[in-house]
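Subject: Structure for you to look at

Hello,

Here is the structure I said I would pass on. Please open it first, then read the notes below it.

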Amino acid sequence: MSSHATGTATQRIFIDKQSPKAYHALVQTSEAVRATAADARLDRTVVELINLRVSQINGCAYCLNVHTRAALRAGETAQRLGVLAAWRDTELFTPAERAALALAEATTEPTDAAAQETAWTGARDVLTDDQISAVIWVAITINAFNRVSIMSKHPVRTER
């Protein structure tokens with residue numbers, strides 16, 4: 001047991017700072033995934049919707065903050081961001097966006113075999129193989145970053 005463990009809240013370390021080589025490898029993976037998504041002609045707003053939806057599922061406040069700003073910079077609307085958690089209940093998202101979101105959710109929660117199969121079937125109807133692969137890689141990567149931030153308790157600072 002760590003000497004830091006007590007009956008009170010434990011001070012977290014920022015694992016990205018504690019193990020910079022490992023974190024740098026994750027950043028490099030993210031850069032490769034971003035290029036893969038661009039090569040697959042996966043719109044930047046779709047990438048940010050995936051980043052946000054996965055971060056919502058995982059409850060990562062830090063990544064939600066970062067990727068909300070990135071989505072707005074990429075041209076996403078406040079309305080669509082506001083309803084993203086309930087994307088299935090609106091007509092605001094295109095069939096390709098809906099397929100990407102379903103596939104990202106299935107990647108984030110892979111134990112739901114039925115949802116995974118439904119997501120694959122839906123994706124096959126509207127996305128290319130390159131886009132399907134890119135969506136899954138984007139979801140895998142943001143899941144990893146979510147865990148880094150959640151386990152490190154990265155703070156969300158007030159914007160000025």
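Helix 2 and helix 8 are roughly antiparallel to each other, because angles over 145 degrees count as that, while under 35 is roughly parallel, 65 to 115 roughly perpendicular and the rest oblique. Their angle is about 155°, and their axes are 9 Å apart. Axes are lines fitted to C-alpha atoms, for helices over the stretch in contact, and angles run from 0 to 180 degrees between N-to-C directions. Helices here are DSSP runs (H or I, at least four residues), numbered from the N terminus.

This is a predicted model, in which local features need pLDDT of at least 70 and side-chain atom pairs count only at pLDDT 80 or more, while totals for chains, interfaces and linings use all residues. Residues are numbered from 1 along each chain as its sequence is written, and side-chain values use heavy atoms, with hydrogens and water left out.

The crossing of helix 2 and helix 8 is left-handed (the near helix is turned anticlockwise from the far one by less than a right angle; clockwise would be right-handed). On the helix 2 side, the residues in contact (heavy atoms within 4.5 Å) include Y23, L26 and V33. Helix 8 contributes W137, F145 and V148, among others. By class, this contact has eleven nonpolar, four polar and no charged residues. Ala, Val, Leu, Ile, Met, Phe, Trp, Tyr, Cys and Pro count as nonpolar, Asp, Glu, Lys and Arg as charged, and the others, Gly among them, as polar.

Helix 8 also packs against helix 3, with axes that come within 9 Å and cross at roughly 45°. That makes helix 3 oblique to helix 8. The contact includes V47, I50 and V54 of helix 3 and V135, I142 and I150 of helix 8. Its residues divide into eight nonpolar, five polar and one charged.

Helix 7 (residues 113–126) meets helix 8 (residues 129–152) at an angle of about 135°, with the axes 9 Å apart. That makes helix 7 oblique to helix 8, and their crossing is right-handed.

Last, the largest pocket holds about 440 Å³ of space. On a 1 Å grid over the protein atoms alone, a pocket is an open set of points where a 1.4 Å probe fits, with protein on both sides within 12 Å along at least five of seven lines; lining residues have an atom within 4 Å of a point. The volume is the space filled by probe spheres set on the points, which are joined across faces, edges and corners. Of its 25 lining residues, S30, R34, H67, I142 and F145 lie nearest the centre. Helix 2 gives the largest share of the lining, seven residues. The lining has 13 nonpolar, six polar and six charged residues.

Regards

Key
Helix = DSSP H or I, 4+ residues; strand = E, 2+ residues; numbered from the N terminus.
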